[in-house]
Amino acid sequence: MKDVLMSAGIDIGTTTTQVIFSRLTIAEKGGFGAAPGYAVTRRDVFYRGRVHFTPLLPDDSIDKEEVARILSEEFESAGLRPDDMDTGAVIITGETLKRANAKEVAESIAALSGRFVVTTAGPHLESVLAGKGSGAAELSTRTGKLVANVDIGGGTSNLCFFDDGAVLDTACLDLGGRGIRIENHKIAQIFPGTKRILEAESIRLSVGDSADLPSVRERIENLADVMARLLAEALLLLPESPTLRKVVTNRLITCDRIPEIVTLSGGVADLLGNLPEDPFRYGDIGAFLGASIARNGAIRERLNRNTKETLRATVIGAGNESLTLSGGTVFYQEIAFPLRDLPVVTLPMDGANPEAYGEAIGRAWERIREDGETTAAFASEGLSAPTYEEICRLADAAAKAARQKDPSGSQTWVFVFATDMGKAFGQAFRRRMPPKTSILAMDSVRCGDEDRIDCGDPIGRGDVIPVVVKTLLFDNGERETI
Amino acid sequence: MSDDKLERTERALDFSGIQAPEELLRMKRATPARIGIGHVGARYKTAAALRFGADHAAANDAAFSEVPEDIPARLGFFSVQTLCRDKAEMITRPDLGRYFDEEQKARILSSCRYAPDVQIYCGDGLCAPSIAANIPDLYPAIRDELVFRGISVGTPFFVRYCRVNTARVIGPLLNAEVVCVLIGERPGLLTSESMSAYIAYRPHPDMQENAYTVVSNISRFGTPPVEAAAYIASLIGEILEKKKSGLSLKQNEE
């Protein structure tokens, strides 16, 4: 079996564009006689690209050609070609997501390799990837403590709470090191999120102000202190002020547990401490924000400074952590891998009432057709150690619904379970469908409504499916289209 | 670890003097071992000692008890017996658990389909409860999938006082291309109803032990019987196709 997968992580963010390449080692779990099961046992980042400024055109759209040039430069410098990659995630994050041509840029990168997962990562996914890439998830597993990672980028700050390695909650704020852009010692641009903070806190800063004036500098320091305070509020370390609501990108943390450890990643995480001699070296207020965070008592007392990755946390998260593996016993036939962007529809499954499962499949099929989709992944928690009779009755009900919607068996039917029953259900379903129907049934994968999943070429002995679960929704229900 | 198992061992958890009970629970969930059960001097606490004793008794019972007479019939299986006269002999004489007398062999030969692609049978092995616990879900699921694939399946039966190596006799006797023995596993303190599947391509008296392909830990606490069945059916398909089993089947693909 192929036990090392080459993975690429590409992050086009508000301020920077980054590329990393890593090797994911896949190993078989379990001992003698165990049913197959695989896990990613090592994640080695073997190439870290330069940190490029995200190229923008004068009209504020992404400079697609320059992005393509950066990518080909990084591939060349690593001695790799896009075709060498087994998997990879391209994510467009932060403010860049709002650029008019974000979709077009994502598609042009996708064209580089058929194996890339392209996603315009929403704030939730970005928070999770950064938290995993920074090492915060691992820290929570190791210490058993509630760890909150804050990835402070140019335009946004992504929060993710981890409890024993699992994502507990996420949040995103329109607050970042590039909230104000400085050019030639003058304020050149103020991002909308920053404007809202300035208004709410009555701090007077405008485009054109000279950054060299002590009064302006004092107000910038004032602003940075407020930003640090807002981060502490979002982390539940300080009581919430009215200003916080004004900088929420998608949502705030809603869990009621206070983090025991705070880790920081993103560019600003490298700027904690005293202000450097030239604080405007990066053309923004990141150094001020870093100094303010380091001074903020609420954050400081819980801060763990030994973050594994700072500036590259998100891109490493994208390259290393976006892939999950299905259980080792799956069923598939007549599937042209990879399957991309399958919308997930969750269905209740009750062994005592299999008919309801079939009916839910019928209804869900109608609904996805109305949405203009050709197929979907039907996801259920599944049954723990089902009887054979339960499997047969569920497969009967599912096949009855499927044959009604698809009498000739010309569609693709995808089933996902959390419990270990994918192969059993898949075989039973297949026996009840027309020959050559496209079927994939896998387990040990959790996904929710409104997620989308990608399923790559089977690995191992062809018995495990690499899966990427993409959570692409803003909380207002607006789908981030690709 | 399944909640069921956790629940069983958690009863003996001892939180007295533990400053971070959440941490202890987290470690507890990571291992089936009897950690965090406290102690009195050098001894177990009463609850932990009772739990240990009860699990040990269940394991003993599993190994020493008999499969009730009516169980094979209820599964639609006929029964045969190896040369062992009783459980004690089966435990002390592994060699006798491999062979049948002429009468039993004649019974198998006359009751079974001859020269099937696959002969499946089950045996008590070292865990009598595993038959009733797993076979009702395991066997029909394997059979249905094999039949669907056009693979002929022999007549199933139950072997009392059965060892894995009965396969060396049954295979040639029925001229089966593949033999699959579903047999009770030596019980442990965590589960006393697990079984394994031992599958061999053309087993014969001189075969090597490494010619068996094994699927172990089949039980509701391990690999669920229906999922194990789906996997076993695929394995049998692969073994028929490649005409080999065990280590050489694995080496083949690497």
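Me: Which residues are linked in a network of salt bridges?
Reply: In this predicted model, A:Arg50, A:Glu66, A:Arg69 and A:Glu73 form the network. Over all chains, a search of the whole structure finds 46 salt bridges.

Me: What makes A:Glu321 and A:Arg43 a salt bridge?
Reply: Their closest N and O atoms are 3.7 Å apart. The cut-off is within 4 Å, so the pair qualifies. The two residues link distant parts of the chain. A:Glu321 sits in helix 10 of chain A and A:Arg43 in strand 3, 278 residues apart.

Me: Why is A:Glu321 called partly exposed?
Reply: Its relative accessibility is 21%. Buried means under 20% and exposed over 50%, so A:Glu321 falls in between. A:Arg43, at 35%, is partly exposed by the cut-offs used here.

Me: How do you know that A:Glu138 forms a salt bridge with A:Arg142?
Reply: The closest N and O atoms are 3.9 Å apart. That is within 4 Å, so the pair counts. Both residues lie in helix 4 of chain A, four residues apart, about one turn of the helix.

Me: Why is A:Arg142 called exposed?
Reply: A:Arg142 has 57% relative accessibility. Exposed means over 50%, so the label holds.

Me: What makes A:Arg432 and A:Asp396 a salt bridge?
Reply: N to O is 2.6 Å. The limit is 4 Å, so the contact qualifies. A:Arg432 is in the loop between helix 13 and strand 18, and A:Asp396 in helix 12, 36 residues apart. A:Asp396 is partly exposed at 42%.

Technical notes. Residues are numbered from 1 along each chain as its sequence is written. Chains are lettered from A and ligands numbered from 1 in the order in which they are written. This is a predicted model: local features need pLDDT of at least 70, side-chain atom pairs count only at pLDDT 80 or more; totals for chains, interfaces and linings use all residues. Side-chain values use heavy atoms; hydrogens and water are left out. A salt bridge is a side-chain nitrogen of Lys or Arg within 4 Å of a carboxyl oxygen of Asp or Glu. Buried means under 20% relative accessible area, exposed over 50%, partly exposed in between (1.4 Å probe, protein chains only).
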